[in-house]
Each structure stands twice: as C-alpha cells, then as structure tokens.
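This report goes through one structure, from its metal site to its helix packing, cores and loops. Please have the sequence and the model open while reading.

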Amino acid sequence: MAAYTRSMHELIEYFKKLPGIGAKTAERFAFYVLKSSRDDMERFSLAIKKVKDSVKFCKKCGNLSETDICTICDNPRRDKTIICVVEEPKDLILIEKSGNYKGSYHVLFGSIAPLDGIGPEDLRIKELLKRVKEDKVKEVILATDSNAEGETTALYISKELKPFKIKISRIAYGIPVGENFEYIDQATLMKALEGRRTM
Ligand SMILES: [Zn+2]
C-alpha cells in the first residue's frame, strides 16, 4: 500500500475490519469516500458517532434501544409470556422483519463455544431464567443458530429450563446444518418459527 497517503491507508485499514470486507472492497470504499462530497461524508461520520452515542442494549431483553427498556419490551400488545431466545440483536431484527411474531425476545450475545472459551456464564442465561420466573413465562422458543454452538446452547438452556415446567421449543430450520441465521430469508424464517417443535 506504499502508493497511498497515510490517511487513505488508515481508512482502508478501517474498512478492512468490517465483516466480509477484503482489501479490494476496502480500497473501493476509500475511493468512494474520496470522491464523495464533503457534506455527505460529514453526515456519514456523524451517523456513526450518533450510533455510538445513543444506541445501547435493552436492560431486559438485550435488543438495541435508545432507552433503558426497548420499544418491544415496553409495548403492552407484545406477549411477555412467550420469549424467543436469539444469539445476537441482528437475529431479533430478522425475526421482527418477518412480521409475524408477537411475543418478546431475549438476546444471549453469543453462543456456547468451548473452543473460544465462551461458557454459559458468559451469556445472558441467568437473566433469562430470572425473566421466566418473574414474568410467568409459558413458552421459550430457542432460535439460536443451527450450527454446533447454537445447538449446544439450545440444549443447555432447555436443560436449565426443565424445572420450570414450561413449553420449550426449538425453531424448525429447513436448512442444512451449519448455516447461520442471517442467510435465511424472511418467509423461511416465518415458517421456521411457526413450525417450531417442542424439545
Ligand atoms: Zn427489550
């Protein structure tokens, strides 16, 4: 990258950190920034700053929120006795986009991955059990990924929930094992949720 100026080089390095972005695309992004108007790029950098300043995670479910409790947890029309458990906030957003789910959520912020040193205590499982106890929850839908980590996590949580004698279900993936949540289209996701099976 010797041909680039120091600031272009720095920008390219930042773009390369974005998920799925290689060196070539990072360079294209940097050139895009260079030729865009100053106004536009200032708004872009302000948008990044605003997200960092204002977006936090809902204290209850872990969803993205600009207040302590998110708009889903705060909505009296959402069924608080059904909790859909997901690995990341982006999974929650995908289910919301499918438009058919009227229960509430719980974000774990990851999955059990012993090889990466991530155990159950590193996820928001204790918080989930607390909600199940306090909110008279009737059903927990485990919508973790269908890869090994997601399956291990679902199994672990289902065991932890057994003493509560509530319905525990697993989202019905019609997709090959190992695939991630984010690659499922909305219609499939809706069907997967509707076709959930009791564990
Ligand atoms: Zn919430």
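The zinc ion has the protein donors C58 (SG), C61 (SG), C70 (SG) and C73 (SG), at 2.3 to 2.4 Å. Donors are N, O and S atoms within 2.8 Å of the metal (3.2 Å for Na, K and Ca), and as water is not among the atoms, sites may look incomplete. The model is predicted: local features need pLDDT of at least 70, side-chain atom pairs count only at pLDDT 80 or more, and totals for chains, interfaces and linings use all residues. Residues are numbered from 1 along each chain as its sequence is written, and side-chain values use heavy atoms, with hydrogens and water left out.

The four donor atoms make angles of 104 to 113° at the zinc ion, and the site is tetrahedral (four donors with all angles between 85 and 135 degrees). The ideal angle for four tetrahedral donors is 109.5 degrees. Along the sequence the donor residues follow the spacing C-x2-C-x8-C-x2-C.

Relative accessibility is listed below for several residues; buried means under 20% relative accessible area, exposed over 50%, and partly exposed in between (1.4 Å probe, protein chains only).

| Residue | Relative accessibility | Class |
|---|---|---|
| C58 | 3% | buried |
| C61 | 1% | buried |
| L142 | 0% | buried |
| F109 | 29% | partly exposed |
| K165 | 74% | exposed |

The protein chain has seven helices and seven strands, where helices (H or I, at least four residues) and strands (E, at least two) are DSSP runs numbered from the N terminus. Their order from the N terminus is α-α-α-β-β-β-α-β-α-β-α-β-α-β. The C-alpha atoms fill a box of roughly 65 × 35 × 35 Å along the principal axes. Of the 199 residues in the chain, 38% are buried. Contacts (heavy atoms within 4.5 Å) between residues at least 6 apart in sequence join residues at least 24 apart in 55% of cases.

The largest nonpolar core has 22 residues, of which C84, V86, I95, Y101, Y105, I171 and L193 touch the most other members. At least two residues of this core come from each of β3, α4 (89-98), β4 (103-107) and α7 (186-194). A second, separate core of 17 residues includes L142, A154, I157 and L161. A nonpolar core is a set of buried Ala, Val, Leu, Ile, Met, Phe, Trp, Tyr and Cys residues joined through side-chain atoms within 4.5 Å.

L142 is in strand β5. Apart from neighbours within four places in sequence, L142 is in contact with residues including V85, A154, I157, S158, I168 and M199.

F109 is in the loop between β4 and α5, and K165 is in the loop between α6 and β6.

How values were computed
Four donors count as tetrahedral if all angles lie between 85 and 135 degrees; four count as square planar and six as octahedral if opposite donors are over 155 degrees apart and all others between 65 and 115; anything else is irregular.
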